Amino acid sequence: MTEQFIELKIATTSGDFEDQFNMNQPLRVVFNRALTEVGGGVDRGSFHLEYQGTVLDLDKRIGEYANELGWTDGTVLELIPAPIVI
């Protein structure tokens with residue numbers, strides 16, 4: 001399998017960043033990188049990745065989403081804090 005890459009922009013509470021990701025890897029790789037950007041030691045269950053308001057499955061390959069949703073270089077994903085229930 002040849003390696004293909006996509007440049008994704010990730011919006012976080014600590015600011016936005018762009019990075020290149022291997023399309024054969026699970027979306028969890030993007031999630032982990034985004035968590036690093038917001039401090040690394042945060043509770044993983046307190047965040048999720050979204051694309052246009054839809055929560056993404058972290059075990060799905062980046063390339064699968066790219067094909068299904070038409071992602072191209074520059075596509076923006078958001079690292080969203082989960083709402084706090086009181």
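**The sheet and its surroundings**

In this predicted model, 5 strands form an open sheet with mixed pairing, in the order 2-1-5-3-4. Strand 2 (15-22) and strand 4 are at the edges with a single partner strand each, so one side of each lacks a neighbour in the sheet. Helices (H or I, at least four residues) and strands (E, at least two) are DSSP runs numbered from the N terminus, and two strands pair if DSSP finds at least two bridges between them.

Residues are numbered from 1 along each chain as its sequence is written. The model is predicted, so local features need pLDDT of at least 70 and side-chain atom pairs count only at pLDDT 80 or more, while totals for chains, interfaces and linings use all residues; side-chain values use heavy atoms, with hydrogens and water left out.

Strand 3 (residues 47-51) has 5 of its 5 residues buried, so the rest of the structure largely encloses it. Buried means under 20% relative accessible area, exposed over 50%, and partly exposed in between (1.4 Å probe, protein chains only). Both faces of strand 3 are covered: Phe47, Leu49 and Tyr51 are buried on one side, and His48 and Glu50 on the other.

Strand 3 runs antiparallel to strand 5 (residues 75-81), and 4 bridges join the two. Within strand 5, Leu79 is the bridge partner of Leu49, and Glu78 is that of Glu50. Strand 3 is also antiparallel to strand 4 (residues 54-55), through 2 bridges; here Glu50 stands opposite Val55. Strands 3 and 4 form a hairpin with 2 residues between them, and Gln52 in the turn has a positive phi of about 50°.

Leu69 belongs to helix 2 (residues 62-69). Its relative accessibility is 38%, so Leu69 counts as partly exposed. The C-alpha atoms of Leu69 and Gln20 are separated by 18 Å, with the two residues 49 residues apart along the chain.
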